[in-house]
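Colleague: Before I look at individual side chains, could you walk me through a few of the contacts, and say how each term is defined?

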Amino acid sequence: MSPAIPADHVPPTPVEELDVHSADGIRLHVEIHGQPAAPTVLLAHGWTCSTAFWAPVIRRLADRYRVVAYDQRGHGRSELPPSRLRYSTRALAEDLSAVLTRTVPEGERAVLVGHSMGGMTIMAAGGRPEVAGRTAAAVLVSTGPSDLVAELRVLPDAVRAPRLRRLLHRRLLRSRLPLGPVGPVSRAALKYATMGPGSPADQVEATARIVHACPTAVRASWAGVLDVLDVRAGLARLAAPTAVVVGTDDRMTPPVHSHRMVAALSDPQGLLLLPGVGHMAPLERPVEVAAEIDRMAAAHLAATRLPSQQRSLTA
């Protein structure tokens, strides 16, 4: 029998849901949680995930923030792109821009939080005026700006030849094999590749259900983008105060990426290392991740929104 997922990992009911269209017309599913009149935190999830990924973090922020979460194109309830040409770092940046413009009124700013591909999204949008003007601060979680295949640590150390490691990692990343139903083997493989060794069975189950829900074609198409990803130019243009979070046991985006990002940021606000944590830090350690978001929001967001901005955004 499959383990039950933790109560705080069950997705909360949003107070509002929106459809936002990106620059190329792709429809994005957006959820708003928490306090409508409070400062805004915007969450961008990673590869093969969805808004459900943020459930335990949303639950820890919703009492004092307006929390916006959206499904990346092809994921969750967002529209499936009609061709591989619609998968790119430019598309990621344009999607973030569209969501931010729709959900954060002009003159207000939000804290942007991105996990994995969500962090790459924030970096890809670095320097865009419409994004910079609405960004108070950023938190980059378990992510990297380039050389993802070269730094992957999924294969055992026994495979030492650099060229062979890259080849095998690339084939693993871009595999089009369907994940199939969640079972003991898939749980074990997912835990090994994406979570810390101490992750309990119920957290692994929650993660597996989210990842297995991603369509195979979407997973493979985004893998092609991640294979050649390079958003270092956007990272250098990211002017907002930015904090970085990573687990010490992250095999997908190891801490070497986080150290490089901190060195490249124009306004670094610290590097939080989570001992024993893998790639899924917001699911594995939601308390610490939410606390870091709260720290950045408290330092860089206004205490209240303007009365004229306390309105529904569906109008």
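**Side chains and their partners**

Colleague: Which side chain makes a polar contact with the side chain of H33?

Modeller: This is a predicted model, in which local features need pLDDT of at least 70 and side-chain atom pairs count only at pLDDT 80 or more, while totals for chains, interfaces and linings use all residues. Residues are numbered from 1 along each chain as its sequence is written, and side-chain values use heavy atoms, with hydrogens and water left out. A polar contact is a pair of N or O atoms within 3.5 Å; within protein, one must be able to donate a hydrogen and the other to accept it, and residues adjacent in sequence count only if both atoms are side-chain atoms. By that rule, at 3.0 Å, the partner of the H33 side chain is the side chain of E31.

Colleague: Is H33 buried or exposed?

Modeller: H33 sits in strand 2, residues 27–34, where strands (E, at least two residues) and helices (H or I, at least four) are DSSP runs numbered from the N terminus. Leaving aside residues up to four places away in sequence, H33 touches several residues, among them P12, I58 and Y65, with contact meaning heavy atoms within 4.5 Å. Buried means under 20% relative accessible area, exposed over 50% and partly exposed in between (1.4 Å probe, protein chains only). Since the relative accessibility of H33 is 2%, H33 counts as buried.

Colleague: How many salt bridges does the structure hold?

Modeller: Side chains of opposite charge can pair when their charged atoms come close. A salt bridge is counted where a side-chain nitrogen of Lys or Arg is within 4 Å of a carboxyl oxygen of Asp or Glu. The total for this structure is 17.

Colleague: How many residues apart in sequence are the parts that D294 and R64 tie together?

Modeller: D294 and R64 form a salt bridge, with their closest N and O atoms 3.4 Å apart. D294 belongs to helix 13 (residues 286–300), whereas R64 is in the loop between helix 1 (55–61) and strand 4 (66–70), so the parts that the pair ties together are separated in sequence by 230 residues.

Colleague: In the salt bridge between R90 and E94, which residue counts as buried?

Modeller: Both residues lie in helix 2 (residues 89–103), four residues apart, about one turn of the helix, and their side chains meet at 3.0 Å, N to O. R90 counts as exposed because its relative accessibility is 58%. With a relative accessibility of 16%, the residue that counts as buried is E94.
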